[in-house]
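Trainee: Could we go through this model together, one question at a time? I would like to see how each answer is reached.

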Amino acid sequence: MDEASLTVNNELDAEMVVSWLSDHCYQCVYQPLGVVPAGPGPGIPSSVDFTVGTQHGITLQFNSSLVSLELCKVHFHFWEHGNYSLWVKNLNDSSVVNCSMITDTEPVNSYLPIMVAFLLFTGLALLSAVGGTVMGLDVVKNLMFRLGNSMETERLINSELGFPGRTVETATDTILPTPATPSRRLRSLDTFRGLSLVIMVFVNYGGGRYWFFRHESWNGLTVADLVFPWFVFIMGTSISLSVSSALRCGLSRFSLFTKAVWRSVQLFLIGLLIINPNYCQGPLSWDSLRIPGVLQRLAFSYLVVTSLDLCVAWNSLDNLPVDAWWYSAREFLLYWPAWLCVVVLETVWLCLTFLLPVPDCPSGYLGPGGIGDMGQYPNCTGGAAGYVDRWLLGENHIYQTPSSRVIYKSHMPFDPEGVLGSINSVFMAFLGLQAGKILLHYKDQHSSIMARFLIWSLVLGIISATLTKCSLNEGFIPVNKNLW
(Lines give C-alpha, C1' and ligand atoms only; values in the text may rest on other atoms or scores of the structure.)
Protein backbone atom coordinates (compact mmCIF):
# COMPACT_ATOMS: atom_id res chain seq x y z
CA MET A 1 0.00 0.00 0.00
CA ASP A 2 1.16 3.55 -0.84
CA GLU A 3 4.39 2.31 -2.39
CA ALA A 4 5.98 2.15 -5.84
CA SER A 5 9.12 0.60 -7.29
CA LEU A 6 11.97 2.78 -8.57
CA THR A 7 15.01 1.50 -10.46
CA VAL A 8 17.91 3.95 -10.63
CA ASN A 9 20.27 3.35 -13.56
CA ASN A 10 23.68 4.99 -13.27
CA GLU A 11 25.74 5.42 -16.46
CA LEU A 12 28.28 7.71 -14.81
CA ASP A 13 31.75 6.59 -13.89
CA ALA A 14 31.22 7.73 -10.28
CA GLU A 15 29.24 6.32 -7.39
CA MET A 16 26.02 8.21 -6.51
CA VAL A 17 24.26 8.79 -3.20
CA VAL A 18 20.47 9.01 -3.58
CA SER A 19 18.52 11.12 -1.05
CA TRP A 20 14.85 12.00 -0.86
CA LEU A 21 12.58 14.62 0.68
CA SER A 22 8.78 14.53 1.00
CA ASP A 23 6.81 17.58 -0.13
CA HIS A 24 4.80 17.19 3.07
CA CYS A 25 7.87 17.64 5.28
CA TYR A 26 8.24 21.33 6.14
CA GLN A 27 11.81 22.70 6.18
CA CYS A 28 13.30 19.22 6.42
CA VAL A 29 16.74 17.86 5.59
CA TYR A 30 17.19 15.22 2.88
CA GLN A 31 17.09 11.59 4.00
CA PRO A 32 19.36 8.91 2.49
CA LEU A 33 17.65 6.42 0.19
CA GLY A 34 20.65 4.41 -0.94
CA VAL A 35 23.84 4.24 -2.99
CA VAL A 36 24.13 3.42 -6.69
CA PRO A 37 27.61 2.24 -7.78
CA ALA A 38 29.35 3.51 -10.89
CA GLY A 39 28.64 1.89 -14.21
CA PRO A 40 30.96 -1.01 -15.08
CA GLY A 41 31.86 0.54 -18.44
CA PRO A 42 31.01 3.23 -20.97
CA GLY A 43 27.33 3.07 -21.83
CA ILE A 44 26.76 0.17 -19.42
CA PRO A 45 24.62 1.23 -16.44
CA SER A 46 24.54 -0.14 -12.93
CA SER A 47 21.05 -0.53 -11.46
CA VAL A 48 19.65 -0.50 -7.94
CA ASP A 49 15.99 -0.96 -6.97
CA PHE A 50 14.33 1.19 -4.33
CA THR A 51 10.87 1.37 -2.77
CA VAL A 52 9.39 4.88 -2.62
CA GLY A 53 6.27 6.29 -1.00
CA THR A 54 3.30 7.49 -3.02
CA GLN A 55 1.27 9.52 -0.53
CA HIS A 56 2.93 12.82 -1.40
CA GLY A 57 5.29 14.21 -3.99
CA ILE A 58 9.00 13.47 -3.52
CA THR A 59 12.18 15.33 -4.48
CA LEU A 60 15.09 13.00 -5.31
CA GLN A 61 18.61 14.36 -5.00
CA PHE A 62 21.64 12.66 -6.59
CA ASN A 63 25.08 13.51 -5.21
CA SER A 64 28.52 12.29 -6.10
CA SER A 65 29.88 10.29 -3.18
CA LEU A 66 33.44 11.43 -3.89
CA VAL A 67 33.07 15.20 -3.52
CA SER A 68 29.48 15.49 -2.19
CA LEU A 69 28.55 17.46 -5.29
CA GLU A 70 24.92 17.63 -6.37
CA LEU A 71 24.61 16.03 -9.78
CA CYS A 72 20.90 16.56 -10.38
CA LYS A 73 17.55 16.83 -8.66
CA VAL A 74 14.17 15.38 -9.72
CA HIS A 75 10.73 16.18 -8.35
CA PHE A 76 8.10 13.52 -9.00
CA HIS A 77 4.85 12.18 -7.55
CA PHE A 78 4.90 8.41 -7.71
CA TRP A 79 1.64 6.44 -7.74
CA GLU A 80 0.75 3.19 -6.08
CA HIS A 81 2.12 -0.07 -7.55
CA GLY A 82 3.80 1.76 -10.43
CA ASN A 83 7.23 0.69 -11.71
CA TYR A 84 9.54 3.56 -12.62
CA SER A 85 13.07 3.88 -13.99
CA LEU A 86 15.34 6.87 -13.51
CA TRP A 87 18.35 7.18 -15.82
CA VAL A 88 21.37 9.25 -14.82
CA LYS A 89 23.90 9.91 -17.59
CA ASN A 90 26.07 12.58 -19.14
CA LEU A 91 24.34 14.68 -21.76
CA ASN A 92 25.98 14.39 -25.21
CA ASP A 93 29.28 13.17 -23.74
CA SER A 94 29.66 16.44 -21.79
CA SER A 95 30.05 17.04 -18.06
CA VAL A 96 26.37 18.01 -17.78
CA VAL A 97 24.42 15.31 -15.93
CA ASN A 98 20.92 14.51 -17.12
CA CYS A 99 18.26 12.73 -15.03
CA SER A 100 15.15 11.42 -16.76
CA MET A 101 12.19 9.51 -15.32
CA ILE A 102 10.42 6.75 -17.27
CA THR A 103 7.24 4.90 -16.32
CA ASP A 104 7.78 1.18 -17.00
CA THR A 105 4.48 -0.12 -15.58
CA GLU A 106 1.44 2.10 -15.17
CA PRO A 107 0.25 2.46 -11.55
CA VAL A 108 -3.14 1.34 -10.31
CA ASN A 109 -5.88 3.82 -9.48
CA SER A 110 -5.99 3.37 -5.72
CA TYR A 111 -8.81 5.91 -5.41
CA LEU A 112 -11.18 3.89 -7.61
CA PRO A 113 -12.79 1.87 -4.73
CA ILE A 114 -13.63 4.97 -2.71
CA MET A 115 -14.93 6.74 -5.83
CA VAL A 116 -17.22 3.78 -6.60
CA ALA A 117 -18.46 3.75 -3.00
CA PHE A 118 -19.13 7.49 -3.12
CA LEU A 119 -21.05 7.23 -6.39
CA LEU A 120 -23.03 4.24 -5.08
CA PHE A 121 -24.14 6.00 -1.91
CA THR A 122 -24.85 9.20 -3.83
CA GLY A 123 -27.06 7.22 -6.21
CA LEU A 124 -28.90 5.60 -3.31
CA ALA A 125 -29.44 9.02 -1.74
CA LEU A 126 -30.83 10.40 -5.00
CA LEU A 127 -33.14 7.39 -5.38
CA SER A 128 -34.34 7.89 -1.82
CA ALA A 129 -35.00 11.60 -2.43
CA VAL A 130 -36.84 10.94 -5.70
CA GLY A 131 -38.82 8.13 -4.09
CA GLY A 132 -39.83 10.37 -1.20
CA THR A 133 -40.96 13.07 -3.60
CA VAL A 134 -42.98 10.62 -5.70
CA MET A 135 -44.59 9.06 -2.64
CA GLY A 136 -45.61 12.53 -1.49
CA LEU A 137 -47.69 13.25 -4.59
CA ASP A 138 -51.45 13.25 -3.99
CA VAL A 139 -52.11 10.87 -6.87
CA VAL A 140 -49.66 8.32 -5.47
CA LYS A 141 -50.96 8.72 -1.92
CA ASN A 142 -54.56 8.18 -3.05
CA LEU A 143 -53.52 5.14 -5.05
CA MET A 144 -51.63 3.66 -2.10
CA PHE A 145 -54.57 4.39 0.22
CA ARG A 146 -57.01 2.60 -2.10
CA LEU A 147 -54.63 -0.30 -2.58
CA GLY A 148 -54.16 -0.58 1.17
CA ASN A 149 -57.91 -0.56 1.81
CA SER A 150 -58.58 -3.23 -0.83
CA MET A 151 -55.83 -5.46 0.58
CA GLU A 152 -57.18 -5.03 4.11
CA THR A 153 -60.72 -5.88 2.95
CA GLU A 154 -59.49 -8.99 1.17
CA ARG A 155 -57.52 -10.06 4.26
CA LEU A 156 -60.57 -9.73 6.47
CA ILE A 157 -62.77 -11.67 4.05
CA ASN A 158 -60.26 -14.52 3.83
CA SER A 159 -59.58 -14.50 7.54
CA GLU A 160 -60.79 -17.28 9.81
CA LEU A 161 -60.59 -15.11 12.94
CA GLY A 162 -63.92 -15.39 14.82
CA PHE A 163 -66.92 -13.10 14.78
CA PRO A 164 -67.57 -9.76 13.04
CA GLY A 165 -67.05 -7.67 16.19
CA ARG A 166 -63.44 -8.77 16.38
CA THR A 167 -63.01 -7.99 12.68
CA VAL A 168 -64.31 -4.43 12.98
CA GLU A 169 -62.03 -3.78 15.95
CA THR A 170 -59.01 -5.04 14.07
CA ALA A 171 -59.86 -2.93 11.03
CA THR A 172 -60.24 0.17 13.16
CA ASP A 173 -56.91 -0.44 14.89
CA THR A 174 -55.18 -0.92 11.56
CA ILE A 175 -56.56 2.09 9.72
CA LEU A 176 -56.47 4.53 12.63
CA PRO A 177 -53.22 3.94 14.51
CA THR A 178 -52.54 5.75 17.76
CA PRO A 179 -50.20 8.67 17.12
CA ALA A 180 -46.77 8.14 18.63
CA THR A 181 -45.42 10.49 21.24
CA PRO A 182 -42.92 12.84 19.57
CA SER A 183 -39.31 12.41 20.62
CA ARG A 184 -37.80 15.13 22.78
CA ARG A 185 -34.25 14.45 21.64
CA LEU A 186 -32.44 16.94 19.44
CA ARG A 187 -32.28 15.14 16.11
CA SER A 188 -29.57 17.40 14.66
CA LEU A 189 -27.25 16.60 17.57
CA ASP A 190 -27.95 12.87 17.32
CA THR A 191 -27.28 13.02 13.57
CA PHE A 192 -23.98 14.82 14.13
CA ARG A 193 -23.01 12.27 16.78
CA GLY A 194 -23.93 9.38 14.48
CA LEU A 195 -21.88 10.82 11.63
CA SER A 196 -18.89 11.21 13.96
CA LEU A 197 -19.25 7.61 15.13
CA VAL A 198 -19.36 6.29 11.56
CA ILE A 199 -16.19 8.18 10.62
CA MET A 200 -14.51 7.14 13.88
CA VAL A 201 -15.16 3.43 13.23
CA PHE A 202 -13.93 3.78 9.63
CA VAL A 203 -10.77 5.60 10.74
CA ASN A 204 -10.00 3.24 13.63
CA TYR A 205 -10.24 0.20 11.36
CA GLY A 206 -7.71 1.51 8.88
CA GLY A 207 -9.76 3.79 6.62
CA GLY A 208 -8.86 1.68 3.60
CA ARG A 209 -5.23 2.70 4.18
CA TYR A 210 -5.86 6.07 2.51
CA TRP A 211 -3.58 8.80 3.85
CA PHE A 212 -6.43 11.28 4.34
CA PHE A 213 -8.10 8.82 6.72
CA ARG A 214 -5.01 8.84 8.94
CA HIS A 215 -3.95 11.49 11.42
CA GLU A 216 -1.81 14.28 10.03
CA SER A 217 1.87 13.91 10.88
CA TRP A 218 2.03 17.44 12.32
CA ASN A 219 0.51 20.66 10.93
CA GLY A 220 -2.59 20.23 8.81
CA LEU A 221 -5.96 18.54 8.93
CA THR A 222 -7.35 15.25 7.64
CA VAL A 223 -10.72 13.55 8.07
CA ALA A 224 -9.27 11.50 10.94
CA ASP A 225 -8.31 14.68 12.79
CA LEU A 226 -11.92 15.91 12.86
CA VAL A 227 -13.47 13.06 14.86
CA PHE A 228 -12.11 13.87 18.33
CA PRO A 229 -12.79 17.65 18.17
CA TRP A 230 -16.30 16.89 16.91
CA PHE A 231 -16.94 14.64 19.91
CA VAL A 232 -15.68 17.32 22.28
CA PHE A 233 -17.95 19.92 20.67
CA ILE A 234 -20.94 17.53 20.79
CA MET A 235 -20.22 16.87 24.46
CA GLY A 236 -20.36 20.59 25.23
CA THR A 237 -23.72 20.96 23.48
CA SER A 238 -25.09 17.92 25.33
CA ILE A 239 -23.95 19.38 28.66
CA SER A 240 -25.91 22.57 27.99
CA LEU A 241 -29.11 20.70 27.14
CA SER A 242 -28.89 18.13 29.94
CA VAL A 243 -28.05 20.63 32.70
CA SER A 244 -30.90 22.92 31.61
CA SER A 245 -33.35 19.99 31.59
CA ALA A 246 -32.18 18.76 35.01
CA LEU A 247 -32.52 22.21 36.59
CA ARG A 248 -36.04 22.58 35.20
CA CYS A 249 -36.91 19.24 36.79
CA GLY A 250 -35.82 20.55 40.20
CA LEU A 251 -32.51 18.74 40.69
CA SER A 252 -29.98 20.58 42.82
CA ARG A 253 -26.74 21.89 41.38
CA PHE A 254 -24.71 20.04 43.99
CA SER A 255 -26.21 16.68 43.03
CA LEU A 256 -25.51 17.38 39.37
CA PHE A 257 -21.93 18.33 40.24
CA THR A 258 -21.36 15.10 42.18
CA LYS A 259 -22.72 13.10 39.22
CA ALA A 260 -20.36 14.96 36.89
CA VAL A 261 -17.40 14.22 39.16
CA TRP A 262 -18.28 10.53 39.36
CA ARG A 263 -18.74 10.25 35.59
CA SER A 264 -15.41 12.01 34.99
CA VAL A 265 -13.64 9.65 37.40
CA GLN A 266 -15.17 6.66 35.62
CA LEU A 267 -14.12 7.94 32.18
CA PHE A 268 -10.59 8.66 33.41
CA LEU A 269 -10.15 5.21 34.97
CA ILE A 270 -11.57 3.43 31.91
CA GLY A 271 -9.13 5.28 29.68
CA LEU A 272 -6.22 4.72 32.07
CA LEU A 273 -6.70 1.04 32.92
CA ILE A 274 -8.77 -0.50 30.11
CA ILE A 275 -8.31 1.46 26.88
CA ASN A 276 -4.56 1.89 27.07
CA PRO A 277 -2.30 1.45 24.02
CA ASN A 278 0.48 -0.02 26.15
CA TYR A 279 -1.51 -3.26 26.35
CA CYS A 280 0.08 -4.06 22.99
CA GLN A 281 3.42 -4.32 24.80
CA GLY A 282 2.22 -6.81 27.42
CA PRO A 283 0.64 -6.51 30.88
CA LEU A 284 0.36 -2.98 32.22
CA SER A 285 2.89 -1.85 34.77
CA TRP A 286 3.39 1.48 36.44
CA ASP A 287 6.79 1.87 34.80
CA SER A 288 5.19 2.18 31.34
CA LEU A 289 1.60 3.21 32.08
CA ARG A 290 0.41 5.98 29.77
CA ILE A 291 -1.47 8.53 31.89
CA PRO A 292 -3.02 10.85 29.24
CA GLY A 293 -5.47 9.56 26.66
CA VAL A 294 -8.65 10.24 24.72
CA LEU A 295 -11.09 9.33 27.50
CA GLN A 296 -8.91 11.09 30.06
CA ARG A 297 -9.10 14.32 28.06
CA LEU A 298 -12.87 13.88 27.59
CA ALA A 299 -13.21 13.39 31.35
CA PHE A 300 -11.26 16.56 32.14
CA SER A 301 -13.10 18.67 29.56
CA TYR A 302 -16.46 17.33 30.69
CA LEU A 303 -15.79 18.09 34.37
CA VAL A 304 -14.54 21.64 33.77
CA VAL A 305 -17.29 22.65 31.33
CA THR A 306 -20.06 21.06 33.43
CA SER A 307 -18.78 22.90 36.50
CA LEU A 308 -18.77 26.20 34.62
CA ASP A 309 -22.28 25.62 33.31
CA LEU A 310 -23.62 24.71 36.76
CA CYS A 311 -22.27 28.03 38.07
CA VAL A 312 -24.01 30.17 35.45
CA ALA A 313 -26.99 28.17 34.11
CA TRP A 314 -30.49 29.56 34.75
CA ASN A 315 -33.21 27.43 36.29
CA SER A 316 -35.77 28.85 33.87
CA LEU A 317 -35.46 30.79 30.63
CA ASP A 318 -39.14 31.71 30.40
CA ASN A 319 -39.15 34.80 32.64
CA LEU A 320 -36.30 36.83 31.19
CA PRO A 321 -37.06 40.57 30.80
CA VAL A 322 -37.67 41.23 27.12
CA ASP A 323 -36.95 44.97 27.44
CA ALA A 324 -33.48 44.49 29.01
CA TRP A 325 -30.55 45.94 27.06
CA TRP A 326 -28.81 42.56 26.97
CA TYR A 327 -31.81 40.57 25.77
CA SER A 328 -30.83 40.49 22.08
CA ALA A 329 -27.52 38.81 23.03
CA ARG A 330 -28.79 36.91 26.05
CA GLU A 331 -27.31 33.56 24.98
CA PHE A 332 -23.86 35.14 25.42
CA LEU A 333 -24.07 37.95 27.99
CA LEU A 334 -25.99 35.95 30.61
CA TYR A 335 -22.99 33.64 30.97
CA TRP A 336 -20.15 36.16 31.07
CA PRO A 337 -18.54 34.71 34.25
CA ALA A 338 -17.99 31.38 32.47
CA TRP A 339 -16.55 33.19 29.46
CA LEU A 340 -14.21 35.07 31.77
CA CYS A 341 -12.92 31.77 33.20
CA VAL A 342 -12.36 30.38 29.71
CA VAL A 343 -10.47 33.52 28.66
CA VAL A 344 -8.24 33.15 31.74
CA LEU A 345 -7.55 29.49 30.83
CA GLU A 346 -6.65 30.45 27.27
CA THR A 347 -4.37 33.21 28.56
CA VAL A 348 -2.59 30.62 30.70
CA TRP A 349 -2.19 28.40 27.63
CA LEU A 350 -0.76 31.28 25.55
CA CYS A 351 1.71 32.27 28.27
CA LEU A 352 2.93 28.70 28.83
CA THR A 353 3.14 27.94 25.10
CA PHE A 354 5.02 31.05 24.01
CA LEU A 355 6.85 32.25 27.15
CA LEU A 356 7.81 29.08 29.06
CA PRO A 357 11.58 28.52 28.71
CA VAL A 358 12.24 25.02 27.31
CA PRO A 359 15.84 23.76 27.59
CA ASP A 360 17.74 23.79 24.27
CA CYS A 361 14.63 24.95 22.39
CA PRO A 362 13.51 28.37 21.13
CA SER A 363 10.69 30.11 22.98
CA GLY A 364 7.26 29.51 21.47
CA TYR A 365 8.43 26.57 19.38
CA LEU A 366 5.49 24.69 17.83
CA GLY A 367 7.38 22.36 15.51
CA PRO A 368 7.73 18.57 15.35
CA GLY A 369 11.45 18.35 16.06
CA GLY A 370 13.28 15.52 14.33
CA ILE A 371 14.43 16.45 10.84
CA GLY A 372 12.09 19.46 10.72
CA ASP A 373 13.44 23.01 10.86
CA MET A 374 16.54 21.72 9.03
CA GLY A 375 17.31 19.42 11.95
CA GLN A 376 18.17 22.26 14.35
CA TYR A 377 15.81 21.17 17.16
CA PRO A 378 15.55 17.36 17.01
CA ASN A 379 14.58 17.01 20.70
CA CYS A 380 12.03 19.84 20.83
CA THR A 381 8.93 17.98 19.61
CA GLY A 382 5.85 19.95 20.63
CA GLY A 383 7.78 22.73 22.36
CA ALA A 384 6.26 23.68 25.71
CA ALA A 385 3.45 21.10 25.41
CA GLY A 386 5.92 18.22 25.19
CA TYR A 387 8.16 19.69 27.88
CA VAL A 388 5.29 20.09 30.38
CA ASP A 389 4.20 16.47 29.87
CA ARG A 390 7.72 15.10 30.25
CA TRP A 391 8.33 17.22 33.35
CA LEU A 392 4.97 16.59 34.99
CA LEU A 393 4.26 12.96 34.01
CA GLY A 394 7.63 11.57 32.99
CA GLU A 395 8.78 10.32 29.59
CA ASN A 396 7.63 6.75 30.29
CA HIS A 397 4.05 7.80 31.06
CA ILE A 398 3.22 9.57 27.80
CA TYR A 399 2.71 8.38 24.22
CA GLN A 400 5.92 6.88 22.84
CA THR A 401 5.18 6.77 19.10
CA PRO A 402 3.63 10.10 18.00
CA SER A 403 2.47 10.63 14.42
CA SER A 404 5.33 13.09 13.81
CA ARG A 405 7.77 10.19 13.62
CA VAL A 406 6.31 9.08 10.26
CA ILE A 407 7.53 12.05 8.20
CA TYR A 408 9.69 14.07 10.58
CA LYS A 409 11.56 11.09 12.08
CA SER A 410 11.18 12.49 15.57
CA HIS A 411 12.22 10.18 18.39
CA MET A 412 11.13 12.14 21.47
CA PRO A 413 7.98 10.86 23.28
CA PHE A 414 5.06 13.23 22.76
CA ASP A 415 1.44 12.82 23.82
CA PRO A 416 -1.30 14.26 21.55
CA GLU A 417 -3.66 14.17 24.56
CA GLY A 418 -1.24 15.88 26.93
CA VAL A 419 -1.80 18.32 29.77
CA LEU A 420 -1.37 21.65 27.98
CA GLY A 421 -3.61 20.79 25.05
CA SER A 422 -6.43 19.92 27.46
CA ILE A 423 -6.97 23.65 28.02
CA ASN A 424 -7.84 24.10 24.35
CA SER A 425 -10.02 21.01 24.55
CA VAL A 426 -11.99 22.73 27.31
CA PHE A 427 -12.40 25.74 25.03
CA MET A 428 -13.66 23.49 22.22
CA ALA A 429 -16.23 21.93 24.56
CA PHE A 430 -17.21 25.39 25.76
CA LEU A 431 -17.93 26.44 22.17
CA GLY A 432 -20.25 23.44 21.99
CA LEU A 433 -21.84 24.63 25.23
CA GLN A 434 -22.40 28.04 23.63
CA ALA A 435 -24.09 26.34 20.67
CA GLY A 436 -26.38 24.60 23.16
CA LYS A 437 -27.24 27.93 24.78
CA ILE A 438 -28.29 29.29 21.38
CA LEU A 439 -30.55 26.27 20.87
CA LEU A 440 -32.10 26.77 24.32
CA HIS A 441 -32.68 30.51 24.07
CA TYR A 442 -34.11 30.39 20.55
CA LYS A 443 -36.07 27.17 20.75
CA ASP A 444 -38.20 26.61 17.62
CA GLN A 445 -36.87 29.88 16.11
CA HIS A 446 -34.91 28.23 13.35
CA SER A 447 -33.97 31.39 11.44
CA SER A 448 -32.58 33.00 14.61
CA ILE A 449 -30.57 29.87 15.43
CA MET A 450 -29.08 29.69 11.94
CA ALA A 451 -28.32 33.43 11.92
CA ARG A 452 -26.38 33.18 15.18
CA PHE A 453 -24.56 30.06 14.06
CA LEU A 454 -23.57 31.94 10.90
CA ILE A 455 -22.30 34.93 12.89
CA TRP A 456 -20.25 32.70 15.20
CA SER A 457 -18.85 30.81 12.19
CA LEU A 458 -17.76 34.04 10.49
CA VAL A 459 -16.14 35.46 13.63
CA LEU A 460 -14.29 32.24 14.48
CA GLY A 461 -13.33 31.79 10.82
CA ILE A 462 -11.78 35.27 10.66
CA ILE A 463 -9.85 34.60 13.88
CA SER A 464 -8.63 31.27 12.50
CA ALA A 465 -7.58 32.83 9.20
CA THR A 466 -5.62 35.50 11.08
CA LEU A 467 -3.87 33.04 13.41
CA THR A 468 -2.95 30.60 10.63
CA LYS A 469 -2.31 33.28 7.95
CA CYS A 470 -4.41 30.98 5.73
CA SER A 471 -1.38 28.71 5.39
CA LEU A 472 -0.30 25.26 6.50
CA ASN A 473 2.93 26.09 8.29
CA GLU A 474 3.47 29.86 8.28
CA GLY A 475 0.82 30.95 10.81
CA PHE A 476 1.22 32.23 14.36
CA ILE A 477 -0.78 29.22 15.60
CA PRO A 478 -1.18 26.54 12.90
CA VAL A 479 -3.98 24.01 12.66
CA ASN A 480 -2.52 21.08 14.58
CA LYS A 481 -4.41 18.30 16.34
CA ASN A 482 -1.29 17.06 18.19
CA LEU A 483 -1.09 20.45 19.92
CA TRP A 484 -4.89 20.87 19.82
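Mentor: Happy to! A polar contact is a pair of N or O atoms within 3.5 Å; within protein, one must be able to donate a hydrogen and the other to accept it. Keep in mind that this is a predicted model.

Trainee: Which backbone nitrogen lies 2.9 Å from a polar atom of the side chain of Asp415?

Mentor: Start with where Asp415 sits: in the loop between helix 11 (404–408) and helix 12 (421–441). Among the residues in contact with Asp415, leaving aside neighbours within four places in sequence, are Ile398, Tyr399 and Asn482. The backbone nitrogen at 2.9 Å from a polar atom of the Asp415 side chain belongs to Tyr399.

Trainee: With which side chain does the side chain of Asp415 make a polar contact?

Mentor: The contacts of Asp415 beyond four places in sequence also include Pro292, Asp389 and Arg290. The side-chain polar contact, at 2.7 Å, is with Arg290.

Trainee: Is Asp415 buried or exposed?

Mentor: Buried means under 20% relative accessible area. Asp415 has 1% relative accessibility, so it counts as buried.

Trainee: And what does Ile270 count as?

Mentor: Ile270 is in helix 6 (residues 253–273). At 35% relative accessibility, Ile270 counts as partly exposed.

Trainee: How far apart are the end C-alpha atoms of residues 419–440?

Mentor: UniProt, in an unreviewed entry, lists residues 419–440 among its "transmembrane region" features. The chain there is 91% helix and 0% strand. The end C-alpha atoms lie apart by 32 Å.

Terms used:
Residues are numbered from 1 along each chain as its sequence is written. This is a predicted model: local features need pLDDT of at least 70, side-chain atom pairs count only at pLDDT 80 or more; totals for chains, interfaces and linings use all residues. Side-chain values use heavy atoms; hydrogens and water are left out. Helices (H or I, at least four residues) and strands (E, at least two) are DSSP runs, numbered from the N terminus. Buried means under 20% relative accessible area, exposed over 50%, partly exposed in between (1.4 Å probe, protein chains only). Contact means heavy atoms within 4.5 Å. UniProt positions are given in the numbering used here, feature names are shortened, and annotations may be inferred rather than shown by experiment.
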